[in-house]
Amino acid sequence: MLSARASLLGAVFLGSAAAFSPLLPAGLRTSLSPRVSPASSSFLPASSRRYTPPSLVTMAAQRGQITVEDVLANPKWPEEWPFSDSDFKRMDETDDEIFYDTPRLVYHIDEGAVAALTEYYAKTIKPKSDILDICSSWVSHFPKVFTETMGRRAGLGMNAAELKENKQLTEFQVQNLNLNSKLPYEDDSFDAVTCVVSVDYLIKPLEVFKEVQRVLRPGGVFIVSQSNRCFATKAIQIWLNTNDLEHVFIIGSYFHYAGGFKPPKALDISPGKPKEGDKNPLASMFGMSMGDPMIIIQGEKA
């Protein structure tokens with residue numbers, strides 16, 4: 001009998017469409033290896049470069065298979081947490097403090113994806129909200145007006161020098177969530193929590209999501225944004241073995257098993273996403289957006 005984990009991602013690990021199809025939509029059947037991102041910084045050591053797995057999001061949607069929004073529309077979750085410890089192993093298991101010791105004052109997604117995320121925050125986060133940005137760095141991608149329209153803006157990240165450069169924060173803490181997943185905040189402290197293209201580095205995601213639920217106020221939102229780039233040596237194993245639509249399902253499962261959240265939803269806010277009648281030849285032929293994808297997986301505290 002297949003384990004819950006094998007059933008959850010059966011097609012990825014076992015090549016079994018039969019095991020896979022009851023739990024994931026039919027479009028989620030392809031496991032692809034990462035490729036080097038064209039935007040990688042050649043001057044960085046190999047272990048510090050960001051990698052980009054092939055994006056299936058717009059191509060799958062163009063072919064009528066599945067959209068990002070479909071992935072969490074009607075999931076069938078196994079009764080128990082389906083992942084094993086090996087799913088959260090990494091190629092580089094050395095101290096994270098070593099890897100993140102050097103400040104990286106660069107964007108990790110392109111400007112179009114940044115703009116899409118900033119616009120989404122502007123539409124979604126209510127004025128006067130207290131916000132926590134976990135896995136934070138030198139920029140949080142908040143709208144500039146947030147310094148005037150929002151309340152407390154706390155950041156929690158790995159590098160003090162980066163966090164000091166973040167002018168969008170009113171306070172910050174340095175903490176490695178892979179060593180200590182307990183957030184240093186009181187219960188019901190925030191109206192919104194954000195995590196930008198970093199959930200794939202968490203080796204204890206269930207504990208972190210439970211903590212986020214704890215520090216959110218009732219009705220507060222946890223906004224996880226994800227693209228298709230990562231530091232491959234620090235990304236968890238299951239992330240590297242799955243595609244970007246499956247990533248949506250994995251993040252959705254974190255919300256589900258953490259408890260205390262309403263059913264999460266997924267949104268594709270990618271800039272340049274092909275639309276019906278799009279005359280761009282590449283978009284119409286291959287379903288390709290002209291930049292980094294930007295995907296939101298969001299849950300509201302019940």
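**Surface, fold and salt bridges**

Analyst: In this predicted model, the protein exposes about 13600 Å², of which carbon and sulfur atoms supply 53%.

User: What share of the residues is buried?

Analyst: A residue counts as buried when its relative accessible area is under 20%. The protein has 302 residues, and the buried share of these is 53%.

User: How many helices and strands does the protein have, and in what order do the strands of the open sheet lie?

Analyst: The protein contains 13 helices and nine strands. Seven strands form an open sheet with mixed pairing. From one strand to the next, the twist averages 20°. The strand order is β5-β4-β3-β6-β7-β9-β8.

User: Which strands stand at the edges of the sheet?

Analyst: An edge strand here has a single partner strand, so one of its sides is left without a neighbour in the sheet. This applies to residues 171–174 and residues 265–268, which are β5 and β8.

User: Which residue in β4 is the bridge partner of isoleucine 131?

Analyst: Strand β3 (residues 131–136) and strand β4 (residues 153–157) run parallel and are joined by five bridges. In β4, the partner of isoleucine 131 is arginine 153.

User: What angle does the direction of α12 make with that of β9?

Analyst: Helix α12 packs on the sheet, where it touches β7, β8 and β9 (295–300). The direction of α12 makes an angle with that of β9 of about 15°.

User: Is serine 253 buried or exposed, and which residues does it contact beyond its neighbours within four places in sequence?

Analyst: Serine 253 belongs to helix α12, which spans residues 244–258. Its relative accessible area is 0%, so serine 253 is buried. Leaving aside neighbours within four places in sequence, the contacts of serine 253 are Trp77 and Phe83.

User: How many residues apart in sequence are the parts tied together by lysine 234 and aspartate 92?

Analyst: The side chains of lysine 234 and aspartate 92 meet in a salt bridge at 3.8 Å, N to O. Lysine 234 lies in the loop between β7 and α11, and aspartate 92 in the loop between α5 and α6, so the pair ties together parts whose separation is 142 residues.

User: Are lysine 234 and aspartate 92 buried or exposed?

Analyst: Lysine 234 has a relative accessible area of 0%, and aspartate 92 has a relative accessibility of 16%. Because the limit is under 20%, lysine 234 is buried and aspartate 92 also counts as buried.

User: How far apart are the closest N and O atoms of arginine 152 and glutamate 171?

Analyst: Arginine 152 lies in the loop between α8 and β4, and glutamate 171 in strand β5, 19 residues apart. Arginine 152 is partly exposed at 30% relative accessible area, and glutamate 171 is partly exposed at 29%. The two form a salt bridge in which the closest N and O atoms are separated by 2.8 Å.

User: Which residue forms a salt bridge with lysine 301?

Analyst: Lysine 301 is in the segment after β9, and its partner is in the loop between β5 and β6, 113 residues apart. The closest N and O atoms are 2.9 Å apart, and the partner is aspartate 188.

User: Which residues are linked in a network of salt bridges?

Analyst: The structure holds ten salt bridges. A network of salt bridges links Asp130, Asp191 and Arg217.

Conventions. Residues numbered from 1 in each chain as written. Predicted model: local features only at pLDDT ≥ 70, side-chain atom pairs only at ≥ 80, totals over all residues. Heavy atoms only, no water. Helix = DSSP H or I, 4+ residues; strand = E, 2+ residues; numbered from the N terminus. Buried < 20%, exposed > 50% of the residue type's maximum accessible area, 1.4 Å probe, protein only. Contact = heavy atoms within 4.5 Å. Areas by Shrake-Rupley, 256 points an atom, 1.4 Å probe, with all protein chains shown as cover. Pairing = 2+ DSSP bridges. Axes fitted to C-alpha atoms, helices over the stretch in contact; angles between N-to-C directions. Salt bridge = Lys/Arg side-chain N within 4 Å of Asp/Glu carboxyl O.
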